[in-house]
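Please work through each task before reading its solution.

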Amino acid sequence: MVRSLKNPKKAKRKNKGSKKSESSSVPSAPAKVWQPGVDQLEEGEELQFDPSTYNYLRAFSIGWPCLSFDIVHDSLGLVRSEFPHTFYGVAGTQAEQASWNYLGIFKLSNISGKKRELVPVSTADNDVDMDSESSSDEDDDDEDDKSSQPVLHLHKVAHQGCVNRIRSMIQRPHICATWADTGHVQVWDISTLLNALAESVSDTTVGGNSIHRLSPIVKFGGHKDEGYAIDWSPIVPGRLVSGDCNSSIHLWEPSAETWNVDSCPFVGHAASVEDLQWSPTEADVFASCSVDGTIAIWDTRLGKSPALSVKAHNTDVNVISWNRLASCMIASGSDDGTFSIRDLRLIKGDSLVAHFEYHKQPITSIEWSPHEASTLAVASADNQLTIWDLSLEKDEEEEAEFKAKMKEQVNVAQDLPPQLLFVHQGQKDLKELHWHTQIPGMVTSTAADGFNILMPANIDTTLPSTDA
């Protein structure tokens with residue numbers, strides 16, 4: 001974001017591939033890179049985003065705010081780089097009354113490239129005025145063409161209580177698990193609704209305000225408190241772990257038609273289990289993080305105590321992410337706004353690879369890119385979604401050249417980390433983010449005011465050749 005006066009000239013980015021966003025403004029009042037928690041808006045000032053820094057940016061909502069969502073793996077192609085795009089997702093609501101909650105099973109279709117207006121997406125069952133000033137001259141001609149606009153198709157499934165977290169199974173995407181604030185973990189089969197979405201087209205009304213009454217195929221009430229931590233194994237289809245605010249973790253093993261949940265929990269944390277992640281390479285190994293400030297590594301073959309435990313942060317560890325492209329690396333985000341990267345090969349010694357103190361409020365989500373081993377995205381309660389490339393290093397010559405060019409155009413903050421690749425702002429009460437595993441460079445986030453879907457212009461989505 002940039003800070004500027006009222007009625008500024010439209011920002012134009014000089015170099016699309018630059019790590020830092022460049023902009024132009026009124027010559028007498030250069031723009032300033034905005035840093036939440038550091039800078040303050042003065043009277044008459046407002047924040048504006050630079051639309052040219054996005055290949056795509058849209059906002060959409062499924063009704064009530066969602067604390068958690070997941071992107072559903074589809075059959076449209078393992079890696080898709082050409083517009084238009086379509087993606088499927090599941091989300092759980094945080095409604096004003098418990099009985100009003102639902103699961104939202106949705107499809108966002110006709111995502112056409114280079115659209116950067118941050119306006120609501122139209123839905124198939126609810127007409128929304130999509131007229132908006134285009135971000136570039138080439139967009140003006142088709143701005144009124146409704147066929148070029150993305151469309152949201154939505155089905156709702158009644159859910160008892162608020163949804164603290166929801167995850168879709170990787171191998172069987174029509175199976176999803178939810179953590180409810182009622183203290184129950186439930187598994188759902190949403191195949192019928194996903195199939196209905198797959199058959200829908202952009203001009204067909206789907207969903208509406210009706211709510212389906214499906215029953216979960218499993219409902220587990222063995223946790224002694226509600227929780228947020230849940231994860232499906234990427235190696236063993238149907239294997240699940242769930243952790244609660246009472247510091248317990250339960251293992252779910254799939255059987256022919258249901259799941260057998262071990263009534264004897266894994267115990268080792270001294271406070272609430274906040275997040276869980278299965279190893280991307282070891283079928284019996286998973287990691288957990290806790291309010292007690294630790295990260296623990298568990299091996300289901302070695303009993304119900306942690307195989308390893310490390311003090312990771314000085315405050316609550318809210319979230320973790322296990323790198324699926326570099327399986328020795330695990331990232332963690334803390335309540336004090338810091339996040340860290342650790343090398344699990346050195347977990348008994350000095351395993352800390354990197355530690356960042358950029359964010360000023362709790363880290364609410366962290367996730368490694370599924371396409372670039374050195375890249376991860378971070379969401380924070382300071383309402384910043386940041387993208388980092390750990391392979392970047394400070395280049396004094398490049399920075400001197402950049403500052404010389406931008407001297408009269410923008411005041412660049414002096415203490416931005418060189419690894420900081422992109423900053424997205426504008427959402428309220430930012431909660432969770434996910435990379436799309438099949439669409440390189442696409443990130444979706446959820447907040448109190450709905451979802452944002454974005455594709456930063458400076459994220460390299462060049463993929464290795466598949467030629468034999």
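Buried means under 20% relative accessible area, exposed over 50%, and partly exposed in between (1.4 Å probe, protein chains only). The model is predicted, so local features need pLDDT of at least 70 and side-chain atom pairs count only at pLDDT 80 or more, while totals for chains, interfaces and linings use all residues. Residues are numbered from 1 along each chain as its sequence is written, and side-chain values use heavy atoms, with hydrogens and water left out.

**Exercise 1.** Determine whether Asp 74 and Arg 80 are buried or exposed, and state which contact they form.

Solution. A salt bridge requires a side-chain nitrogen of Lys or Arg within 4 Å of a carboxyl oxygen of Asp or Glu. The closest N and O atoms of Asp 74 and Arg 80 are 2.8 Å apart, and the two residues form a salt bridge. Both residues are buried.

**Exercise 2.** Characterise the salt bridge between Arg 165 and Asp 275.

Solution. The closest N and O atoms are 3.2 Å apart.

**Exercise 3.** Explain why the pair Asp 262 and Lys 304 ties together separate parts of the sequence.

Solution. The side chains meet in a salt bridge at 2.8 Å, N to O. Asp 262 lies in the loop between β18 and β19, and Lys 304 in the loop between β22 and β23, so the pair ties together parts 42 residues apart in sequence. Asp 262 is partly exposed, at 29% relative accessible area; Lys 304 is also partly exposed, at 27%.

Technical notes: Helices (H or I, at least four residues) and strands (E, at least two) are DSSP runs, numbered from the N terminus.
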